[in-house]
Structures are given as C-alpha cells and as structure tokens.
Amino acid sequence: MSAVLEVVDNGTVIGFGVDDIMKYHGPGFPGGVAHAVKVLERALPVLSPDAPAERREISAVTAHRGPGVRDTFEAVTRGVTEGRFTVDPALERPERGATLERYVFELTYRGKTVRLEIREGFVTDEFISLGRKADRTRAEDERLTVLKQEMADRLLSAPADEVYDIVG
C-alpha cells in the first residue's frame, strides 16, 4: 500500500519506492525503512501540498536510532550527509511506554514543521524487548529477524495516516 515517495532535485522529480530504499539500505532493518517511508508519506503532502518537496530542503529530527530510518532519510532527502537529519533522545515520549517512546519525528520544510507519533498496534512489546536485549542467542536473533519483517509488512500494508498521527 506504500506509495512512491516523490521529491525534487535540481528541477527533476525523483521517485523512491520501498524496493529502491531497501537496495540502498540492505536487508538488515526493514521495519526501520518501513517506519521512515510511512513518516515521509504522511508528512510530505502536509509540508508541500502543491508539489513534491525539494529534497535538499527537508530536515528531520527523531528519537529513533535505527539504521533503517537513517538510511531512508538519506536516500530520499540526502539529509544525513548534508546535516539535516538528527537523532535527539530529548524527543522521546517515555509516558507512552518503552514500545512507543522513540517513534517520534519532526520534519521541517521551508519553515513549516510537523511532528508525527506512531499509533498503537504497529510495534510490538516483544520486538522492542528483544531488540534492546544485550547478548541475544542465535534463536533470539532469528526471532528478531522475523519480527522485523512482520512489522515492516504491517506498516507497509497500512495507509500512512493510520500509522502516524500528526500531533501538536
């Protein structure tokens, strides 16, 4: 259900599908890629409703530390390389619990900022617990790999406005 993310670079519209981003990122963190895709699907039409946004004018701050999120923002916006992507633990929402606290994003484009937070039901407690566990066993690593893909599938099959809320 995920759409192609369209941005403009030097007057040329460029489209990024999930497969394009996964080729850049690799197979390691499909859930993180899916989260960032849903965030961009949700935020970009709000930030630039009349045309695709200029990719090099989009900045993002998030509490999410994962490489799939980072690589998606780099592929689509070039924000990591150009210093417009920041991980800021101060954005965490601990009152939402360990499972949801880091799924917070603020995107800015041409002076307009939107803040997004994940809805319940897309990230499982088991995924967070296992992902944060030090010294996982081989069986736990295999289980985590399954959970990552299940989460990616859950996210990508849902409309972005059912996954992330614009808040504040």
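View 1. The model is predicted, so local features need pLDDT of at least 70 and side-chain atom pairs count only at pLDDT 80 or more, while totals for chains, interfaces and linings use all residues. Residues are numbered from 1 along each chain as its sequence is written, and side-chain values use heavy atoms, with hydrogens and water left out. Ala90 is placed in the loop between strand S5 (85–87) and S6, where helices (H or I, at least four residues) and strands (E, at least two) are DSSP runs numbered from the N terminus. Ala90 and Ala63 stand 27 residues apart in sequence and 7.1 Å apart in space, C-alpha to C-alpha.

**View 2. Asp50 in the loop between helix H2 and strand S3.** Asp50 has its place between helix H2 (30–47) and strand S3 (53–54), and counts as exposed because its relative accessibility is 75%. From Asp50 to His64 there are 14 residues in sequence and 29 Å in space, taken C-alpha to C-alpha.

View 3. The largest pocket holds about 400 Å³ of space. Here a pocket is, on a 1 Å grid over the protein atoms alone, an open set of points where a 1.4 Å probe fits, with protein on both sides within 12 Å along at least five of seven lines, and lining residues have an atom within 4 Å of a point; grid points are joined across faces, edges and corners, and the volume is the space filled by probe spheres set on the points. The lining has 20 residues, of which Phe29, His64, Gly66, Tyr103 and Phe127 lie nearest the centre of the pocket. Two or more lining residues come from each of H2, helix H3 (67–77), helix H4 (125–132) and helix H5 (138–156), and the largest share, 4 residues, comes from H4. Phe29 also has Lys148 over its face, at 4.0 Å from the ring centre, the rule being that NZ of Lys or CZ of Arg is within 6 Å of the ring centre and within 35 degrees of the ring normal.

**View 4. The stacked rings of Phe73 and Phe105.** Rings of Phe, Tyr and Trp (its six-membered ring) pair if their centres lie within 6.5 Å, and planes under 30 degrees apart count as stacked, over 60 as edge-to-face and the rest as tilted. By this rule there are 3 aromatic pairs. In one of them, Phe73 and Phe105 are stacked at 6.3 Å centre to centre, with 25 degrees between the planes. Phe73 belongs to helix H3 and Phe105 to strand S6 (residues 104–109), so the pair ties together parts that are 32 residues apart in sequence. Phe73 and Phe105 are both buried, and together with Phe85 and Tyr164 they form one aromatic cluster.

View 5. Phe127, Ile128 and Leu130 are the buried residues of H4, and what covers them includes H5, contact meaning heavy atoms within 4.5 Å. In the loop between H4 and H5 lies Asp135, which has a positive phi of about 55 degrees although it is not a glycine. Asp135 is exposed, with a relative accessible area of 74%.

Definitions and conventions: Buried means under 20% relative accessible area, exposed over 50%, partly exposed in between (1.4 Å probe, protein chains only).
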